[in-house]
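Hi,

Here is the structure I promised to pass on.

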Amino acid sequence: MIPYGRQHIDEEDIAAVVQVLQSDFLTQGPVVPAFEQRLAELSQVQFAIATNSATSALHVACLALGIGIGSRVWTSPLSFVASANCARYCGASVDFVDIEPDSGNLCISTLRQKLELARATETLPDVVIAVHLAGLSCDMQQLYHLSHEFGFRIIEDASHAVGGSYQGRPIGSCQYSDITIFSFHPVKIITTGEGGMALTNNPELAEQMQLLRSHGITRDETEMTEPSHGAWYYQQLQLGFNYRMTDLQAALGLSQSNRLADFIAKRQQLAARYHQLLSQLPLDTPEVPADSVSSYHLYIIRLHDKARRKSVFDAMRAAGIGVNVHYIPIHTQPYYQQLGFDWGDLPQAELFYERIISLPMFPELTESEQDHVVATLSKALA
Ligand SMILES: *Cc1c(COP(=O)(O)O)cnc(C)c1O
C-alpha cells in the first residue's frame with residue numbers, strides 16, 4: 001500500500017535519538033530547548049514552547065488567551081477535530097465559519113458577515129482559530145484586520161504548515177496572530193513521533209503556556225509568591241498539565257528540522273508534477289496564490305462529480321493506494337451534533353467534503369509511484 005503520508009527517517013535521525021538514550025536526560029534535558037530555539041529561528045518568532053502534541057499546544061494556547069466557561073471560539077469546520085476540541089476542553093462554546101470553496105480555508109467574507117451578526121447580538125468570538133488546510137496559509141492579513149475591527153484574538157492551527165510561507169515570511173512568525181501551533185505527528189511535515197509546538201511573540205503568553213505544559217509549576221523565584229525555601233523549592237501557581245515533550249522526541253525533531261527545506265522542496269516538486277499529470281482529468285487541483293508557499297502536507301483533489309467520489313476512492317484503495325479524505329466536517333461529528341450542529345449548517349464545507357480525495361504526498365514518494373497513482377485515478381474516472 002502506498003500511504004497518503006509517511007515520515008522520512010534517516011541515519012542521522014536515528015543517531016540523534018540514540019545519543020539522547022545514552023545521555024543523562026530522557027526528558028527535561030537540553031534538547032527540548034535546542035529544538036524550540038531551532039523552530040523559533042526557522043519561523044522568525046521570539047518564543048517556541050514544545051508540547052507532547054499539537055492538541056495539547058492548542059489547549060494551552062486557548063487557556064493562555066483566557067478562554068474558559070462562557071468564552072466563544074470560532075474555527076473552520078474543515079479540519080481535524082482537535083481544532084475545535086481545544087475550546088471545549090476549556091468549557092468554551094464553539095462555532096464554525098464556512099470555508100472558501102477553492103482552498104478549503106475559512107472564508108473571510110463569510111466570517112465578516114457572521115461577525116456583523118454576532119456584534120448585533122453581542123455574541124462576538126473571543127478567539128478565532130484559523131486552520132491552514134494542507135499547508136496553505138489562510139488570508140491572515142484580512143483576518144488580522146477583522147480581529148482589530150471586532151476585537152478577537154487569533155490562533156493559527158498550522159499543524160499542516162511548518163515550512164510554508166505567507167507574504168514572504170515563514171508560517172509561524174505570528175505576524176498576524178497571537179499564537180501559532182505546529183504538529184509533529186508522523187504524517188505531518190517533520191515528526192517527533194508525537195509532538196507539537198506553540199509559537200508566539202508575546203512574552204506573557206509564552207510564560208503562561210510554559211507554566212501550563214508542566215503542571216503550572218515554576219522554579220523561577222521571580223514568579224513565586226514568597227521567597228524560595230532553598231534549591232529544592234518550586235511553586236504550583238496554576239492548575240497545569242503534563243504536556244511536556246521528551247528529549248528523545250526533541251532530538252528526532254531537531255534532526256528532522258535539518259531537512260525541512262528539502263522536504264518542502266520535494267513536496268513542491270511532487271505537487272507540480274501532480275498538477276501537470278492531472279490537468280486533463282475531471283477534477284480540480286490545489287491552487288496556491290502568488291503570496292504563499294504551501295508546505296503541501298496534503299495533496300487534495302476535488303472531483304467535479306461528487307457522485308463518483310466513493311467509487312474512485314474504493315478503486316484506488318483496491319489498487320493499493322492509501323488515499324484518504326481530509327476532512328469529515330467537524331460539525332457533523334456526533335459529539336458536535338449533540339451540541340446542536342447538523343448537516344446543512346456549513347454548506348461549502350459539506351460540498352468540499354463530498355468532492356475530495358487526498359492523494360499520496362510525502363518526500364519519499366517516487367515518480368513511478370506517482371505515475372501509478374495518476375494512472376489508477378484516470379482509469380477509475382474513465
Ligand atoms: C494533526 C492535526 C492536529 C493535531 O495534531 P496532534 O499533534 O496529533 O495532536 C490538530 N489540527 C490539525 C489541523 C491537524 O491536522
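Below is what turned up, starting with the ligand and ending with the cysteines.

A word on the basis: this is a predicted model, in which local features need pLDDT of at least 70, side-chain atom pairs count only at pLDDT 80 or more, and totals for chains, interfaces and linings use all residues. Numbering runs from 1 along each chain as its sequence is written, and side-chain values use heavy atoms, with hydrogens and water left out.

**The ligand**

The ligand is surrounded by 15 residues, taking as near any residue with a heavy atom within 4 Å of it. Thr55, Asp157, His160, Ser183 and Lys188 are the closest. By class, the shell splits into five nonpolar, eight polar and two charged residues. (Here Ala, Val, Leu, Ile, Met, Phe, Trp, Tyr, Cys and Pro count as nonpolar, Asp, Glu, Lys and Arg as charged, and the others, Gly among them, as polar.)

Threonine 55 has a side-chain N or O atom 2.5 Å from a ligand oxygen. For aspartate 157, a polar side-chain atom sits 2.7 Å from a ligand nitrogen. Tyrosine 327 also takes part, with a side-chain N or O atom 3.1 Å from an oxygen of the ligand. On its own the ligand would expose 380 Å², and the protein buries 93% of that (Shrake-Rupley areas with a 1.4 Å probe; for residues, only the protein chains shown count as cover). Helix H3 (54-64) and helix H4 (82-89) are the elements that give two or more residues to the shell. Helices (H or I, at least four residues) and strands (E, at least two) are DSSP runs, numbered from the N terminus.

The tyrosine lies in the loop between helix H10 (309-318) and helix H11 (334-338).

Two residues other than glycine have positive phi. Glutamine 44, with phi near 55 degrees, is in the loop between helix H2 (31-43) and strand S1 (47-51). Cysteine 174, with phi of about 60 degrees, is in the loop between strand S7 (169-170) and strand S8 (179-183). Are these two buried or exposed? Glutamine 44 is partly exposed at 47% relative accessibility, whereas cysteine 174 is buried at 6%. The cut-offs are under 20% relative accessible area for buried, over 50% for exposed and partly exposed in between, with a 1.4 Å probe and protein chains only.

**Two enclosed strands**

Strand S4 (residues 127-131) is largely enclosed by the rest of the structure, because five of its five residues are buried. Val127, Ile129 and Val131 cover one face, and Val128 and Ala130 the other. S4 pairs in parallel with strand S2 (residues 72-75) over three bridges, and threonine 75 stands opposite isoleucine 129. Five bridges join S4, also in parallel, to strand S5 (residues 153-157), where arginine 153 is the partner of valine 127. Pairing here needs at least two DSSP bridges between the strands.

The other case is strand S14 (residues 299-303), likewise with five of five residues buried and so largely enclosed. It belongs to an open, antiparallel sheet of three strands in the order S12-S14-S15, with S12 (283-284) and S15 (356-359) at the edges, each pairing on one side only. Two bridges join S12 to S14, with leucine 283 opposite leucine 303. Four bridges link S14 and S15, including tyrosine 299 opposite leucine 359 and isoleucine 300 opposite serine 358.

**Cysteines**

How many disulfides are there? The count is zero, a disulfide being a pair of cysteine sulfur atoms within 2.5 Å. For cysteine 90, the nearest cysteine sulfur is that of cysteine 62, 4.8 Å away. Cysteine 107 is too far for a bond, because the closest cysteine sulfur, in cysteine 138, is 11 Å from its own. Cysteine 90 is buried, at 9% relative accessible area, and cysteine 107 is buried at 12%.

Cheers

Terms used: Polar contact = N/O pair within 3.5 Å; in protein donor to acceptor, adjacent residues only side chain to side chain.
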